[in-house]
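Let's walk through this structure together, starting with its charged pairs and ending at the ligand. Keep the 3D view open as you read.

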Amino acid sequence: MKIIMLGAPGAGKGTQAKMLADKYDIPHISTGDIFRANIKNGTELGTKAKEYMDKGLLVPDELTCDLVVDRIKQDDCAKGYILDGFPRTIPQAECLDNALNAMNDKIDYAVNVDVPDENIIKRMSGRRACVGCGATYHIVYNPTKEEGICDRCGKELILRDDDKPETVENRLNVYHEQTQPLIDYYNNKGVLQEVDGTKDMQEVFDAIVAVLEA
Ligand code: AP5
Ligand code: MG
């Protein structure tokens with residue numbers, strides 16, 4: 001099963017993608033996580049990406065497309081994968097389509113997790129991410145057992161650099177301008193599925209599984 005997660009920043013793409021990856025035993029490919037890992041490791045890609053990410057802007061397509069196309073050609077993607085945060089622009093979607101066509105392959109579903117802007121700001125300020133394994137929590141909606149400590153690996157939790165309110169606002173503007181058009185793009189291809197992302201995490205998950213298994 002090849003799935004794209006669409007949705008605004010903070011809509012819950014990562015949360016749902018991780019749950020789906022566990023359920024279907026397929027890789028979760030998050031371009032945001034890949035960039036953050038590169039920043040942490042001080043790579044050249046990380047240094048370039050950070051410049052854009054800290055401002056809430058998109059990393060240029062030319063730094064993003066090849067990375068994902070290479071990743072989906074790896075053996076562990078043969079059964080399927082979940083793309084989280086990619087594509088994010090029409091040129092990225094076209095680049096993915098070209099690569100898939102060349103592989104005689106296609107996307108099965110693009111799932112749009114729909115959450116209005118007013119809910120997003122609240123979610124982002126409460127999000128905490130683990131410095132070790134990248135697991136995400138929310139101080140109200142999905143708290144850890146011990147405050148500030150990851151349930152999974154015991155490392156420290158931090159607020160992402162780009163989750164400051166002024167950056168979140170930029171990310172939302174960029175989303176509406178550059179990423180929202182992908183909803184029509186995938187609707188025209190007949191693979192779009194919409195779920196209400198304002199429900200609690202388990203309800204959103206059940207709704208996604210229901211459409212994938214319909
Ligand atoms: P990325 O890491 O992809 O960030 P994003 O799309 O802005 O999305 P988030 O990760 O912030 O949100 P999410 O939808 O995953 O929500 P989450 O599940 O964490 O990208 C970061 C940056 O990298 C971009 O700004 C850009 O610069 C760059 N980048 C990445 N990909 C790129 C690309 N393809 N092209 C160019 N640039 C790219 O949930 C949010 C919070 O809400 C959490 O605390 C969670 O616990 C909570 N939550 C989740 N679901 C619920 C629920 N149902 N109810 C209550 N709370 C919930
Ligand atoms: Mg995410």
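**Charged pairs and a wrapped ligand**

Arg160 and Asp162 pair up in a salt bridge, with their closest N and O atoms 3.0 Å apart; the term means a side-chain nitrogen of Lys or Arg within 4 Å of a carboxyl oxygen of Asp or Glu. Both Arg160 and Asp162 are buried, where buried means under 20% relative accessible area, exposed means over 50%, and partly exposed is in between (1.4 Å probe, protein chains only). Through salt bridges that share partners, Arg127, Arg160, Asp162, Asp163 and Arg171 are joined into one network.

A quick word on ground rules: this is a predicted model, in which local features need pLDDT of at least 70 and side-chain atom pairs count only at pLDDT 80 or more, while totals for chains, interfaces and linings use all residues. Residues are numbered from 1 along each chain as its sequence is written, chains are lettered from A and ligands numbered from 1 in the order in which they are written, and side-chain values use heavy atoms, with hydrogens and water left out.

In total, the structure holds 13 salt bridges. One of them links Glu44 to Lys48, at 3.5 Å between the closest N and O atoms. These two sit four residues apart in helix H3 (residues 44-53), about one turn of the helix; helices here are DSSP runs (H or I, at least four residues), as are strands (E, at least two), numbered from the N terminus. Glu44 counts as exposed because its relative accessibility is 60%, whereas Lys48, at 35%, is partly exposed. Lys50 and Asp54 also meet in a salt bridge, 2.6 Å from N to O.

Now for ligand 1. It is surrounded by 34 residues, and the closest are Thr15, Leu57, Arg88, Arg127 and Arg171; to count as near, a residue needs a heavy atom within 4 Å. Arg171 has a side-chain N or O atom 2.6 Å from an oxygen atom of ligand 1. Another oxygen contact involves Tyr137, where a polar backbone atom is 2.8 Å from an oxygen atom of the ligand. How much of ligand 1 does the protein cover? The answer is 97% of the 1,000 Å² of accessible area that ligand 1 has on its own, by the Shrake-Rupley method with a 1.4 Å probe. Helix H2 gives the largest share of the shell, four residues.

Notes:
A polar contact is a pair of N or O atoms within 3.5 Å; within protein, one must be able to donate a hydrogen and the other to accept it, and residues adjacent in sequence count only if both atoms are side-chain atoms.
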